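Have a look at the structure first, and then we can go through it together.

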Amino acid sequence: MSIATVEIAPLAEAGDPAPVVLTVEEAARCLRIGRTTCFALIRTGELESLMIGGLRRVPADAPAAYLARRRAEQRAA
């Protein structure tokens, strides 16, 4: 089970499908970081996000992908 699955599951109502996109705040909670830090990761391109209308959203699999990249970078160092 991935980190994204573990952290996103409580966000959905019982019987609802898992969300496809997260708010920045939800993504920050998944990563256990602050909202400002999450926006900084988005601004630098380290954390994938997209605009839907005027709203910034993070794909549900993006936090897990970010962590996987960071782990690979640390192992390589």
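1. Let's begin with the charged pairs. The structure holds two salt bridges, a salt bridge being a side-chain nitrogen of Lys or Arg within 4 Å of a carboxyl oxygen of Asp or Glu. One of them joins Glu 25 to Arg 35, with 2.7 Å between the closest N and O atoms. This pair ties together distant parts of the chain, since Glu 25 is in helix H2 and Arg 35 in helix H3, ten residues apart. Helices (H or I, at least four residues) and strands (E, at least two) are DSSP runs, numbered from the N terminus.

2. A word on the ground rules: this is a predicted model, in which local features need pLDDT of at least 70 and side-chain atom pairs count only at pLDDT 80 or more, while totals for chains, interfaces and linings use all residues. Residues are numbered from 1 along each chain as its sequence is written, and side-chain values use heavy atoms, with hydrogens and water left out.

3. How exposed are the two partners of that first pair? Glu 25 counts as partly exposed because its relative accessibility is 35%, and Arg 35 is partly exposed too, with a relative accessible area of 45%. For these labels, buried means under 20% relative accessible area, exposed over 50%, and partly exposed in between (1.4 Å probe, protein chains only).

4. The other salt bridge is between the side chains of Arg 70 and Glu 73, at 3.8 Å from N to O. Both residues lie in helix H4, three residues apart, which is about one turn of the helix. An α-helix has 3.6 residues a turn, so residues three or four places apart point the same way. Arg 70 is partly exposed, with a relative accessible area of 33%.

5. The largest nonpolar core has 13 residues, and Ala 27, Cys 38, Ile 42, Leu 47, Val 58 and Tyr 66 have the most contacts inside it. Such a core is a set of buried Ala, Val, Leu, Ile, Met, Phe, Trp, Tyr and Cys residues joined through side-chain atoms within 4.5 Å. At least two residues of this core come from each of H2 (24-31), H3 (35-44) and H4 (62-76); H2 gives the most, with five.

6. Leaving aside residues up to four places away in sequence, Leu 47 touches Leu 31, Cys 38, Leu 41, Ile 42, Val 58, Ala 62, Pro 63 and Tyr 66, where contact means heavy atoms within 4.5 Å.

7. Which residues of H3 are buried? They are Cys 38, Leu 41 and Ile 42. These residues are on the same side of H3 because they cover an arc of only 100° around the axis, the arc being that of the directions from the helix axis to the C-beta atoms. Their cover includes H2, strand S3 (55-59) and H4. The face of H3 turned away from the buried side carries the exposed residues Thr 36, Arg 43 and Thr 44. After H3 comes Gly 45, with a positive phi near 85°.

8. Finally, the sheet. Three strands form an open, antiparallel sheet in the order S1-S3-S2, with S1 (21-22) and S2 (50-52) as the edge strands. Two strands pair if DSSP finds at least two bridges between them. S1 is joined to S3 by two bridges, and Leu 22 has Val 58 as its bridge partner in S3. Three bridges join S2 to S3: Leu 50 stands opposite Arg 57, and Ile 52 has Leu 55 as its partner. S2 and S3 make a hairpin with two residues between them, and Gly 53 in the turn has a positive phi of about 65°.
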